[in-house]
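Morning, everyone. Please bring up the model on your screens, and we'll walk through it together.

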Amino acid sequence: MTTLSIHNARLLDPASGTDEIGAILIENGLIKEITPGLTTPHSTAKSTLDANGLCLAPGLIDLRVKTGEPGEEQKETLATASRAAVSGGVTSFVVMPDSKPVIDDVALVRFISERAKETADVRIYPSGALTVGLEGNAMAEVGLMADAGAVFFTNGDLPIQNASTLKRSMTYAASRGAIVMSRPDERALSGSGVMNAGTLAGRMGLSGLSKDAEWIGAMRDTQLAISTGCPLILDLISTARTAEIAHDARQQGGKIYTTVAAHNLFFNELDVGDYLTYCKVNPPFRSEDDRLALIDAVKQGLITAVVSAHDPQPPEEKRLPYAEASFGAAGLETTLAAMLSLVHEEQLTLLEALAPLTNGPADVLGLPQGRLSDGAPADVILFDPNKPWLCQREDLLTRSTNSPFDGRRLQGRVMQTFIAGKNVFDRTAAKK
Amino acid sequence: MAGYTYTFDHAHLLGIAGLHKLDIEHILDLSDKYAEATRAGQRPDPVLKNKTVLNLFFENSTRTMSSFEIAAKRLGADVVNMPVAHSSVKKGETLIDTAMTLNAMRPDVLVVRHSASGGVKLLSRKVDCAVINAGDGSHEHPTQGLLDTLTIRRNKGKVEGLKVVICGDIVHSRVARSTTLALHQLGASVHLCGPATLVPNGTETWGAASVQNDFDAALDGADVVIMLRLQLERMDGAYLPSRREYFRYYGLTAERLARAKPDALVMHPGPMNRGIEIESAIADGDRSLITEQVEMGVAVREAVLHLLAGET
């Protein structure tokens, strides 16, 4: 029996509202005891760790990660994504099904789970394609994939355009107890847009991604969730109004969750600057007013989960003229710092910033981790909320380093990461 | 300000947006000299002697490329034209790879046209020589903005205080952006006009005084009317119902031009769609400056090449 006591830590648990100095006792990979006020180790522990006042919180649970495995390993593998994740404090993540081949079959769901076990420290959960090949036509084997461990079903970045197909898919998924995740995006309207529609796009001569497309998509998807009773994750919303559309649908009885990419809370459209392709993401960085309203939606608890939307893209996809470059940003290593920046700006409290990273997403998937409670898996992080650092691409652990944070000064950094009580990342050791 | 001397200190010409009013006036003054020299049949000093100018056009454009070629040759440069749109360079090679390859050949000036907004700027970051943007997507076409401004200044004697109406497909036009920015810098009042589907939001940030959908109203009291080319593929129902409806509301006719000032002048960056955006009688009439624009285009390009790469 292995036991570890981490003491003299600032315990942060959004699920219970705990924010005080204390200690936790880990036994056999599970949290055995949480002892507020305790600044010395639990006497029964075989090994001990003095946190020296660092914050101790549940590890981050990220509902939206892409790697390149299988098929595009030059972008990222499950192993490289895992390394990046644990250094960013992410202890569980869901991989998107849009790989090559698309994860639309039981065998592929099992492949992801098995490769994850073999090669990665982080807990990796597969998601499944909602339609075969993500083509938006024929329903994929949702039931069989769910039985094999797929945690939700989505058409990824290419949401189903045909409302009838989506409705039937949701009706069926609901009958199998499955969750559907959909990007609210009326693709006929977003068309060939590459950045936020508006003055700046007009001046730069770039075609815009309008908010109308997101709102109409959200109205359609939430209405179908109400009609079918299917739990729905509105994937990557970028405006406060979308959060309100989701909230209204909840009032109508819909089981609706919302996710926001951390970078959409940190950047605005001006960051695209001189056609910086690292800032080309979809949904795009919106206006500053939109960003602030979205942060307010997080504060009000309208956002279920903040995700990295980690989407590694190699140089050949990004060193191109803006309109021709791929969408996507590497995000696993900067999610926590992005959220902590909002704490430093006094827009959010620490617990408000951590909730959509921990118990929020855990509750969507019904996971036992994401909280500091007796019997929960001991997936915890120690972080210094004030530690300044310079984000530089070459220091990132992700295989593709397409981070919009490149060159940014950030504040707040993960020092140690534990999964099932095992130390999987130690920054002080990593330095040496 | 004793001892003050102006210097043109730009490494590239990527857009009007990066230029100060003094820069624009300086370029126009020099352009005037080149225009006068050409008209007088004089050969200018070979300030680009032993320099290599590379015309790199990822989009076809015989007119603009020829204009740059003539300008560079008049100044004594060696000119190499690379119409990449037709060549194997385009296939499978990224813009940056192409840029780095050409950079290794040590040209002194790269004149670049590319279909992507921001494409020329991206290329300029990867090369050591001066880069001139000859049009990037729907973003900027700075020498066009300068030549339009020069043509107006020569014919009206000034730019400040003039009312200039630019009509047509504003949203897709790099000419509209560059010309509006340049004219606004020199104090003209620029009014943009076109069907609502072809006018973007936020044009006040380019310096536009107004945006109107009613061409007749916009023309009231205008000193200069600039008509833009309408891409034919935009006219078949996607942005506009039909050519004839466009001509009915936005075509420049003699009757419509009568709403502008009696001495109002007409311009067009070419190539024209006669009978769609402009009536032939107007295009060929005595108030049309369309061929003078082409002439000034060479003069402006001589001035820009001189400032960026010439021996001073």
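Let's start with chain B. Of its 312 residues, 57% are buried. Keep in mind that this is a predicted model. Buried here means under 20% relative accessible area.

How many helices and strands does chain B have? It has 11 helices and 9 strands. Now the overall dimensions. Along the principal axes, the C-alpha atoms of chain B fill a box of roughly 55 × 55 × 35 Å. For 312 residues, a compact globule would have a radius of gyration near 20 Å. Chain B has 19 Å, so the value agrees with a compact globule.

Next, contacts. Take the contacts in chain B with a separation of 6 or more. Of these, 72% are between residues 24 or more positions apart.

Then the surface. Chain B exposes about 13,000 Å², and carbon and sulfur atoms supply 49% of that. As for charges, chain B has 34 positive and 37 negative ones. Their mean positions are 2 Å apart.

Find T179(B). It sits in helix α6, residues 174-185. Is T179(B) buried or exposed? Its relative accessible area is 1%, so T179(B) is buried. What does T179(B) touch, leaving aside neighbours within four places in sequence? The answer is Q144(B), G145(B), D148(B), I166(B) and I226(B).

Now R106(B). Look in the loop between α3 (95-103) and β3 (109-114). R106(B) is at 57% relative accessibility, over the 50% cut-off, so it counts as exposed. Its phi is near 55 degrees, a positive value in a residue other than glycine. Why point that out? Most residues other than glycine have a negative phi.

On to chain A. Chain A has 15 helices and 19 strands. Its C-alpha trace spans about 65 × 50 × 40 Å along the principal axes. With 432 residues, a compact globule would have a radius of gyration near 22 Å, and chain A has 21 Å, which agrees.

What share of chain A is buried? Buried residues make up 62% of the 432. For contacts in chain A with a separation of 6 or more, residues 24 or more positions apart account for 73%. The accessible surface of chain A comes to about 15,600 Å², with 48% belonging to carbon and sulfur atoms. Chain A carries 40 positive and 52 negative charges, and their mean positions are 2 Å apart.

Now some residues in chain A.

Go to D311(A), in the loop between β16 (305-307) and α11 (315-318). D311(A) is buried, because its relative accessible area of 10% is under the 20% cut-off. Its side chain makes a polar contact of 3.1 Å with the side chain of Q313(A). Not counting residues up to four places away in sequence, D311(A) touches several others, including K66(A), F327(A) and N402(A).

Next, D290(A). This one is in helix α10, residues 288-299. D290(A) has a relative accessible area of 12%, so it is buried. Beyond its neighbours within four places in sequence, D290(A) is in contact with K211(A) and S238(A).

Now the backbone. Remember, most peptide bonds are trans. P101(A) is in the loop between β7 (90-95) and α2 (106-119). At 44% relative accessibility, P101(A) is partly exposed. Setting aside residues up to four places away, P101(A) touches P70(A) and L108(A). From P101(A) to P231(A), the C-alpha atoms are separated by 26 Å.

A cis peptide bond also joins N282(A) and P283(A), with omega about 0 degrees. P283(A) is in the loop between α9 (262-266) and α10.

Stay in that stretch for the last stop. Y275(A) also lies in the loop between α9 and α10. Its phi is near 60 degrees, a positive value in a residue other than glycine. Is Y275(A) buried or exposed? At 9% relative accessibility, Y275(A) counts as buried.

That's the tour. Thanks, everyone.

Note on methods. Residues numbered from 1 in each chain as written. Chains lettered and ligands numbered in written order. Predicted model: local features only at pLDDT ≥ 70, side-chain atom pairs only at ≥ 80, totals over all residues. Heavy atoms only, no water. Helix = DSSP H or I, 4+ residues; strand = E, 2+ residues; numbered from the N terminus. Rg over C-alpha atoms; globule rule 2.2 N^0.38 Å. Buried < 20%, exposed > 50% of the residue type's maximum accessible area, 1.4 Å probe, protein only. Contact = heavy atoms within 4.5 Å. Areas by Shrake-Rupley, 256 points an atom, 1.4 Å probe, with all protein chains shown as cover. Lys, Arg positive; Asp, Glu negative; His and termini not counted. Charge placed at Lys NZ, Arg CZ, Asp CG, Glu CD. Polar contact = N/O pair within 3.5 Å; in protein donor to acceptor, adjacent residues only side chain to side chain.
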